[in-house]
Amino acid sequence: MSTHEIDQLPPTSRTVAAALRQAGITSTVRHLPDSTRTAADAARALGCPIAAIANSLVFRCDEAPLLVMTSGAHRVDPAALAARLGSGPITRATPDQVRAATGQAIGGVAPVGHPAPITTVVDESLAEHTVIWAAAGTPNTVFSTTYDELRVITRGQPMRVTT
């Protein structure tokens, strides 16, 4: 992305674009005219399978945020995930907790660009897709990546997130 293109993005998306550049990722943050707030919205806007959408879901686990990057085709099973992690109970973060942990609002949470690192789990089923799409800080911005890149930029642990 050129500096001019980055300057045209919303502030949270500029932060995401900078984090991607810093990680050596060359993907361009795209601003879409339609909302990508849900996986179905994003898949429709991008013309890709819903399973190729990497949802960024924030939970609370052992009193800390936990970012789960899951396929848009899946629902996270918190009890099964807690058992796999060997952790205490996992619960959904409130909107205020999401914003505090990520600096971003629900519906646009990116896997990067947060105020501090967040422990992350990456749904291993995302590896089935050559290209996956993730939010870039707002409900209208996205970027493409690969499973391997996603794991590297988030320092995410690959894991099944469903039952």
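Contact here means that heavy atoms lie within 4.5 Å of each other. In this predicted model, the protein chain contains 6 helices and 8 strands. What covers the buried residues of helix H5 includes strands S2 and S3.

**Overall form**
- From the N terminus on, the order of elements is α-α-β-α-β-β-α-β-α-β-β-β-α-β.
- The radius of gyration of the protein chain is 15 Å, which agrees with the value near 15 Å for a compact globule of 163 residues.
- Along the principal axes, the C-alpha atoms occupy a box of roughly 45 × 30 × 25 Å.
- Of contacts between residues at least 6 apart in sequence, 62% link residues at least 24 apart.

**Burial and surface**
- Buried residues account for 50% of the 163 residues.
- The accessible surface is about 7900 Å², and carbon and sulfur atoms contribute 51% of it.

**Nonpolar cores**
- The largest nonpolar core has 26 residues, among which Leu 20, Phe 143 and Leu 150 touch the most other members.
- At least two residues of this core come from each of H2 (11-22), S2 (53-61), S3 (64-71), H5 (95-102), S6 (132-135) and H6 (147-154).
- A second, separate core comprises 12 residues, including Leu 57, Phe 59, Val 76 and Val 121.
- Beyond its neighbours within four places in sequence, Leu 20 contacts Ile 25, Val 29, Val 112, Phe 143 and Ile 153.

**Helix H5**
- Val 98, Ala 101 and Thr 102 are buried in H5.
- These residues lie on the same side of H5 because they cover an arc of only 80 degrees around the axis.
- Asp 96 and Ala 100 are exposed on the face of H5 turned away from its buried side.

Definitions and conventions:
Residues are numbered from 1 along each chain as its sequence is written. This is a predicted model: local features need pLDDT of at least 70, side-chain atom pairs count only at pLDDT 80 or more; totals for chains, interfaces and linings use all residues. Side-chain values use heavy atoms; hydrogens and water are left out. A nonpolar core is a set of buried Ala, Val, Leu, Ile, Met, Phe, Trp, Tyr and Cys residues joined through side-chain atoms within 4.5 Å. Buried means under 20% relative accessible area, exposed over 50%, partly exposed in between (1.4 Å probe, protein chains only). Helices (H or I, at least four residues) and strands (E, at least two) are DSSP runs, numbered from the N terminus. The arc is that of the directions from the helix axis to the C-beta atoms. The radius of gyration is taken over C-alpha atoms; the globule rule is 2.2 Å times the number of residues to the power 0.38. Accessible areas come from the Shrake-Rupley method with a 1.4 Å probe; for residues, only the protein chains shown count as cover.
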